[in-house]
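User: I would like to learn how to read a helix against the core of a protein. Could you take me through one case, starting from the overall fold?

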Amino acid sequence: RVRADTDCKLPCEAILSLLYDAQTQKAQSPKDINPFTLNLSLAFMTLGLPRCSKSEAEDLLPGFLALLGAHSPALALESAAKRSQCFQIGHLVLRTIEMVVSNANPVVTTTTTASATINRANQQRPPPPSPPPKKQGCEYVSMSRK
């Protein structure tokens, strides 16, 4: 429900505090974080970041950078799940920098809008051409019934 309602603000700073201690300026070790908590936190921050103001994004950036540093050592990239988490954190860092530098919030696209665009594009395409008739011996035989 939160994904569809772009006006719903998510508490990204509170979510980030589950993974990063702002007082010590250190991210929790990947070994100390419950994988379920990490995955949900990353998902909600990915949804919530485009809804943040520039100042909120500036406050999140140190935590995202520390989190990326904690999760990107070579040992953390051994499994596909950990690589995916690291890439998602990297994406959050890049989106946050984009928001801070560009003075604009990134465009939020919903799944419904994207699927509607794809459906319209598919409806406007001409039908695929029919296959050529199969050759049998020296004659061509048509595959259509008369």
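Analyst: This predicted model has five helices and four strands, and along the sequence these elements follow the pattern α-β-β-α-α-α-α-β-β. Buried residues make up 24% of the 146 residues.

User: Which residues have the most contacts inside the largest nonpolar core?

Analyst: In soluble globular proteins, nonpolar side chains tend to be buried together. Here the largest nonpolar core has 21 residues, and those with the most contacts inside it are L16, L42, M45, L60 and F64. The elements that contribute two or more residues to this core are α1 (12–16), α2 (35–48), α3 (54–71) and α4 (80–102).

User: How should I read the buried residues of α2, and why do they line one face of the helix?

Analyst: An α-helix has 3.6 residues a turn, so residues three or four places apart point the same way. In α2, the buried residues are L38, S41, L42, M45 and G48; seen down the helix axis, they fall within an arc of 135 degrees, so they line one face of α2. On the other side of α2, P35 and F36 are exposed.

User: What covers the buried residues of α2, and which residues does L42 touch?

Analyst: The cover includes α1, α3 and α4. Leaving aside residues up to four places away in sequence, L42 touches L67, Q85, Q88, I89 and L92.

User: Which residue caps the N-terminal end of α2?

Analyst: N34 does so, with a side-chain oxygen 2.9 Å from the backbone nitrogen of F36. From its first C-alpha to its last, α2 reaches 20 Å with 14 residues, close to the 20 Å expected at 1.5 Å a residue.

Definitions and conventions: Residues are numbered from 1 along each chain as its sequence is written. This is a predicted model: local features need pLDDT of at least 70, side-chain atom pairs count only at pLDDT 80 or more; totals for chains, interfaces and linings use all residues. Side-chain values use heavy atoms; hydrogens and water are left out. A nonpolar core is a set of buried Ala, Val, Leu, Ile, Met, Phe, Trp, Tyr and Cys residues joined through side-chain atoms within 4.5 Å. Buried means under 20% relative accessible area, exposed over 50%, partly exposed in between (1.4 Å probe, protein chains only). Contact means heavy atoms within 4.5 Å. The expected span of a helix is 1.5 Å times one less than its number of residues. The arc is that of the directions from the helix axis to the C-beta atoms. A polar contact is a pair of N or O atoms within 3.5 Å; within protein, one must be able to donate a hydrogen and the other to accept it, and residues adjacent in sequence count only if both atoms are side-chain atoms.
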